[in-house]
Amino acid sequence: MIVRPFRFARLSALGIPHGVTKRDPSLPAFGSVSGNVTISIVLANRRAWWERLGLPLEHTVFARQVHGTRVTVVTASERGRGALEPGTGIPESDALVTTERNLPLAMICADCVPVLLYAPDVPAIGVVHAGWRGTVAGITRQAVHILCTLFSARPERLWAFLGPSIGPCCYEVGEEVITAWLATEPSNGHQAVLSRNGRAIFDLWRANELLLVEGGVDPAHIERAGICTRCHAGEWFSYRANGSRAGAQAAVIALP
Ligand SMILES: [Zn+2]
């Protein structure tokens with residue numbers, strides 16, 4: 001049985017091609033689309049997944065992700081960067097946005113939150129890689145800010161989707177993570193901080209929702225997959241469950 005990419009029903013209904021790849025035991029290296037296996041396997045897996053996504057891999061733009069806050073505007077001249085030669089991805093970017101049609105954008109994740117953005121009034125799209133460092137630094141709010149300032153997107157019309165990633169059930173962190181998050185004074189920031197058995201929990205889903213709302217996004221336009229990659233490590237790549245050798249999935253979105 002072929003494993004289908006994860007999709008958000010509402011984003012599909014809005015007519016936006018997108019998806020998140022998963023683990024697939026029938027593929028080499030379980031279908032990982034990044035790192036830690038030979039490049040030929042990575043490319044074969046990307047080809048297999050992109051065929052299932054119905055998107056052209058050779059046109060897709062990838063980034064060299066660094067857990068930073070840079071949002072890069074992608075233009076047609078960058079078509080295909082990093083798709084077949086990962087070293088040629090957009091440098092030092094953890095968020096990509098574009099107004100170009102048929103120019104899919106991809107982010108690699110393995111527990112970090114992939115956030116898909118759609119501004120129907122421009123139209124424009126974006127994809128964000130939000131781990132704890134990027135979240136603390138406000139990358140998701142920054143991506144919304146770029147869409148609204150550079151492309152004049154109206155924040156209240158934006159749609160945002162949080163993909164499968166490590167959930168509040170599993171994301172125990174050191175106190176320094178919580179301290180760093182609260183130090184940025186996010187509105188209602190405490191809502192993303194939990195504790196269980198004396199251990200601090202950082203709720204990356206809630207934190208990114210708070211950042212989106214701070215950016216002006218209507219809470220009714222924010223949807224989360226609500227799937228924890230660590231709890232479901234048989235279906236998803238999870239750094240916490242399997243370490244850096246586990247592999248990774250990709251979140252992809254395109255403007256048709
Ligand atoms: Zn979990």
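Is N188 buried, partly exposed or exposed? With a relative accessibility of 43%, N188 counts as partly exposed, where buried means under 20% relative accessible area, exposed over 50%, and partly exposed in between (1.4 Å probe, protein chains only). We will come back to that residue after a walk through the rest of the chain.

A word on the model. The structure is predicted, and local features need pLDDT of at least 70, side-chain atom pairs count only at pLDDT 80 or more, and totals for chains, interfaces and linings use all residues. Residues are numbered from 1 along each chain as its sequence is written, and side-chain values use heavy atoms, with hydrogens and water left out.

Let us begin with the whole chain. Seven helices and twelve strands make up its list of secondary structure elements; helices (H or I, at least four residues) and strands (E, at least two) are DSSP runs, numbered from the N terminus. The chain is as compact as a globular protein of its length, because its radius of gyration of 17 Å is close to the 18 Å that the globule rule gives for 256 residues. That radius is taken over C-alpha atoms, and the rule is 2.2 Å times the number of residues to the power 0.38. Along the principal axes, the C-alpha atoms fill a box of roughly 45 × 40 × 30 Å.

Of the 256 residues, 54% are buried. Among contacts with a separation of 6 or more, 69% involve residues 24 or more positions apart, a contact being heavy atoms within 4.5 Å. The chain exposes about 10500 Å², and carbon and sulfur atoms supply 50% of that area; the areas come from the Shrake-Rupley method with a 1.4 Å probe, and for residues only the protein chains shown count as cover.

Now zoom in on helix α2, which spans residues 39-53. Its 15 residues reach 20 Å from the first C-alpha to the last, close to the 21 Å expected at 1.5 Å a residue; the expected span is 1.5 Å times one less than the number of residues. The buried residues of α2 are V42, L43, N45, R46, A48, W49, W50, R52 and L53. Their cover includes β1 (18-20), β4 (105-109) and β12 (249-253). R52 counts as buried because its relative accessibility is 15%. Leaving aside neighbours within four places in sequence, R52 is in contact with I2, V3, R4, P5, R7, D24 and L27. Just after the helix, G54 takes a positive phi of about 75°.

At 39% relative accessibility, R64 counts as partly exposed. Beyond its neighbours within four places in sequence, the contacts of R64 are P86, G87, G89, I90, P91, E92 and S93. R64 and G82 are 18 residues apart in sequence, and their C-alpha atoms lie 8.0 Å apart in space.

In α4, the residues I139, T140, A143, V144, I146, L147 and C148 are buried. Among the elements covering them are β2 (71-73), β3 (95-98), β5 (113-119), β6 (124-130), α3 (132-136) and α6 (204-214). The helix is followed by S152, whose phi is positive, near 60°.

Some backbone details in the loops deserve a look too. A cis peptide bond joins V122 and P123, with omega about -10°, and P123 sits in the loop between β5 and β6. F30 lies in the loop between β1 and α2 and has a positive phi of about 60° although F30 is not a glycine. F30 counts as partly exposed, at 39% relative accessibility.

That brings us back to N188, found in the loop between α5 (175-183) and β9 (193-196). Phi of N188 is near 60°, a positive value in a residue other than glycine. P219 counts as exposed, because its relative accessibility is 53%. P219 and H145 are 74 residues apart in sequence and 16 Å apart in space, C-alpha to C-alpha.
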